[in-house]
Amino acid sequence: MPIKAKDLRLYLVMGSQDCLDRDPVAVLQAAISGGITCFQFREKHSARNLRETVELGHSLRALCRTHRIPFLVNDRVDLALILDADGVHLGQDDLPVPEAKRILPPSCVIGVSARSIPEARQAQQEGADYIGIGPMFATTSKPDAKQPIGPEALAEIRQALGDFPIVGIGGITVDNMAAVRQAGADGIAVISAITRADSPEQAAQQLRQCSR
Ligand SMILES: Cc1ncc(COP(=O)(O)OP(=O)(O)O)c(N)n1
Ligand SMILES: Cc1ncsc1CCOP(=O)(O)O
Ligand SMILES: [Mg+2]
């Protein structure tokens, strides 16, 4: 089922590395109560081995299923299949979209990262369902992130792509999200604005209210 622009309104990206000493399942539950519209399981560089990652993934997936929140897996198509995910998110260094499509069921959503018009056009032509553009601003959640490109670059990509689902990511907070939406994003994807907030539920609620 293709992802709708409204599903991208408030997209939480998260793995256990983002949750400090909190239980990722509790953080996701709070974020869902606060109004997130999409979730991506992004387990990176963590102390968890693959077996533990799969176990956590099953719990997060079940929670999303109960609340009818789309559940996507970052990077790993094998994990997406194991967890019966609704989709995957692939970056420019990850599995190419045509290869992913050979393995995944046709209903599986594919999101692709882009930071330029050529990258975005290629993703669109290869059959991506949405594009994640960033980093918009400086981020501390991705040590290998490239230089921020700002909402101006997103506005140019929006113009080049026309009506196609686009989400901005990277350093987005309640204070700067308006610029990302005004540039033409259908929604925002965040890690720390929710996972590092004193109250992930209230943080999600506030971001959701501001993204109307
Ligand atoms: C919604 C969304 N947009 C962009 C990214 C970044 O993906 P990628 O460039 O592959 O980097 P990693 O997340 O794998 O470190 C994303 N994950 N989600
Ligand atoms: C995964 C990812 N891709 C580009 S920036 C980023 C990190 C976003 O995290 P935060 O919302 O905490 O800046
Ligand atoms: Mg990736």
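1. A residue is called buried here if 20 or more other C-beta atoms lie within 10 Å of its own, exposed if 12 or fewer, and partly exposed in between, with C-beta atoms placed from the backbone. The model is predicted, and local features need pLDDT of at least 70, side-chain atom pairs count only at pLDDT 80 or more, and totals for chains, interfaces and linings use all residues. Residues are numbered from 1 along each chain as its sequence is written, while chains are lettered from A and ligands numbered from 1 in the order in which they are written.

2. In strand β2 (residues 38-41), C38 and Q40 point one way and F39 and F41 the other way, and all are buried; strands (E, at least two residues) and helices (H or I, at least four) are DSSP runs numbered from the N terminus.

3. Strand β1 (residues 10-14) pairs with β2 in the parallel sense over four bridges, where pairing requires that DSSP finds at least two bridges between two strands. From β1 the chain passes through helix α1 (residues 24-34) to β2 in a right-handed β-α-β crossover, that is, the path over the helix runs clockwise with the strands pointing away from the viewer.

4. On β2, Q40 is the bridge partner of V13, and L72 in β3 is in turn the bridge partner of Q40. Strand β3 (residues 71-74) runs parallel to β2, joined by three bridges.

5. Ligand 1 is surrounded by 17 residues, of which G91, S113, G132, I169 and A189 are the closest, a residue being near if its C-beta atom, placed from the backbone, lies within 6 Å. At least two residues of this shell come from each of β1, β5 (109-114) and β7 (166-169).
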